[in-house]
Structures are given as C-alpha cells and as structure tokens.
Amino acid sequence: MDQSYDAVAAWRAAGEARDAAAAVAALSPDVTVVSPITEQFTFRGHRQVRTLLDVALAAIDDITYTDQVAEGRTVALFYEARVGATRLYEAQRLRLGGDGLICDITLYVRPLPALTLLMTRLGPDLARRNGQPGLARLIPLASGAMHSMAVTGEQKIMPRVAPR
C-alpha cells in the first residue's frame with residue numbers, strides 16, 4: 001500500500017507560513033501533541049492544539065523545514081528557526097492515521113537554551129488561555145531561572161569541556 005503524505009506537506013507549509021488554521025487542517029480531530037518539555041504535558045484535539053499553535057507560531061520565527069524521513073505511517077521532520085536571536089532546532093515525529101491525517105506528534109527541541117527560552121515565551125500565554133493567571137505570572141520566574149542556568153552552561157561551562 002502506498003502511503004500519501006499530503007497532510008505532512010500541508011503541515012510543513014503551514015508551519016513555514018505561521019498559519020495555525022492551515023496546520024490544524026492537516027490533523028486528525030483526536031490528534032495528540034506531546035510537549036518537548038515533559039511527557040506530562042500533552043495537548044489533545046483540535047482546540048487544544050490550535051491554542052498551542054497560535055502561541056508557538058507567534059513566538060518562533062523563520063521556520064525552515066530541512067529534512068523529512070518517512071517509513072509507512074511514521075514521518076520524522078526537522079526544522080531550523082529562531083526564538084528572538086536564539087537558534088532553535090526541532091525534530092518532530094508524526095504518525096499518520098488510516099485517513100492520512102496526522103494523529104500523533106512528539107516534539108524534540110535543542111539546544112537547551114532554545115527550549116528554556118521557548119518555555120519562557122510560551123508558558124505565560126498558555127497559562128492565561130487556560131484560565132490560570134497566577135501561574136502565568138509564576139512561569140517567567142521559574143523558567144527565567146532555568147533559562148539563565150542553561151545559557152550560562154552553554155556559554156561558560158560547556159566550552160571548557162568540549163573535545164579538543
């Protein structure tokens with residue numbers, strides 16, 4: 001059986017165009033998206049994923065998909081982008097349902113400072129949209145501290161232990 005990857009092509013085009021509505025159109029109604037931060041943070045269904053995409057696509061600039069690897073109903077996508085001045089690299093594992101739409105997405109982000117900066121940018125807006133204004137005020141403090149540690153490690157500590 002030949003597998004159609006039309007939904008994947010639509011997902012890629014929507015991401016590069018920062019078009020959340022078009023991205024959701026490539027998804028199964030019961031889609032799940034697993035956060036790169038923790039497995040405990042999963043978005044389910046069009047409504048939750050649309051909220052995530054609205055917030056994420058506003059925070060991430062210059063998305064350019066670079067690679068796609070597919071076998072059967074599983075597709076790995078890779079893109080490069082920016083969060084402010086910080087380079088971000090993301091891998092996405094997509095699984096397609098029997099209808100050809102994307103039904104499962106797991107996200108992986110590197111380097112760590114890009115992930116912590118993304119957390120700092122996305123967290124407060126997601127918390128507000130989820131009716132948690134107190135948490136929206138707390139997230140910048142907690143994630144800001146993590147981001148500061150990640151940047152310090154990346155810029156000051158890790159270069160000292162890099163292979164020579």
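**Arginine 18 and its surroundings**

Author: Helix H1 is followed by arginine 18, whose phi is positive, near 55°. Helices (H or I, at least four residues) and strands (E, at least two) are DSSP runs, numbered from the N terminus. The model is a predicted one, in which local features need pLDDT of at least 70 and side-chain atom pairs count only at pLDDT 80 or more, whereas totals for chains, interfaces and linings use all residues. Residues are numbered from 1 along each chain as its sequence is written, and side-chain values use heavy atoms, with hydrogens and water left out.

The place of arginine 18 is the loop between H1 and helix H2 (20-25). Its positive phi occurs in a residue other than glycine. With a relative accessibility of 39%, arginine 18 counts as partly exposed; buried means under 20% relative accessible area, exposed over 50%, and partly exposed in between (1.4 Å probe, protein chains only).

H1 spans residues 6-17, has 12 residues and reaches 16 Å from its first C-alpha to its last, close to the 16 Å expected at 1.5 Å a residue. That expected span is 1.5 Å times one less than the number of residues in the helix. Ala7, Val8, Trp11, Ala14 and Gly15 are the buried residues of H1. Seen down the helix axis, these residues fall within an arc of 130°, so they line one face of H1; the arc is that of the directions from the helix axis to the C-beta atoms. An α-helix has 3.6 residues a turn, so residues three or four places apart point the same way. On the face turned away from the buried side, H1 carries the exposed residues Asp6 and Ala17.

A salt bridge is a side-chain nitrogen of Lys or Arg within 4 Å of a carboxyl oxygen of Asp or Glu. A search of the whole structure finds eight of them. One joins the side chains of arginine 82 and aspartate 62, at 2.8 Å from N to O. Because arginine 82 lies in strand E4 (residues 74-83) and aspartate 62 in strand E3 (residues 61-71), this pair ties together parts that are 20 residues apart in sequence. Arginine 82 is partly exposed at 26% relative accessibility, and aspartate 62 is likewise partly exposed, at 45%. Aspartate 62 also has a positive phi, of about 55°, although it is not a glycine.

Another salt bridge pairs arginine 129 with aspartate 125, at 3.3 Å from N to O. These two residues are four apart in helix H4 (residues 112-129), which means that about one helical turn separates them. Through salt bridges that share partners, Arg18, Asp61, Asp62 and Arg82 are joined into one network.
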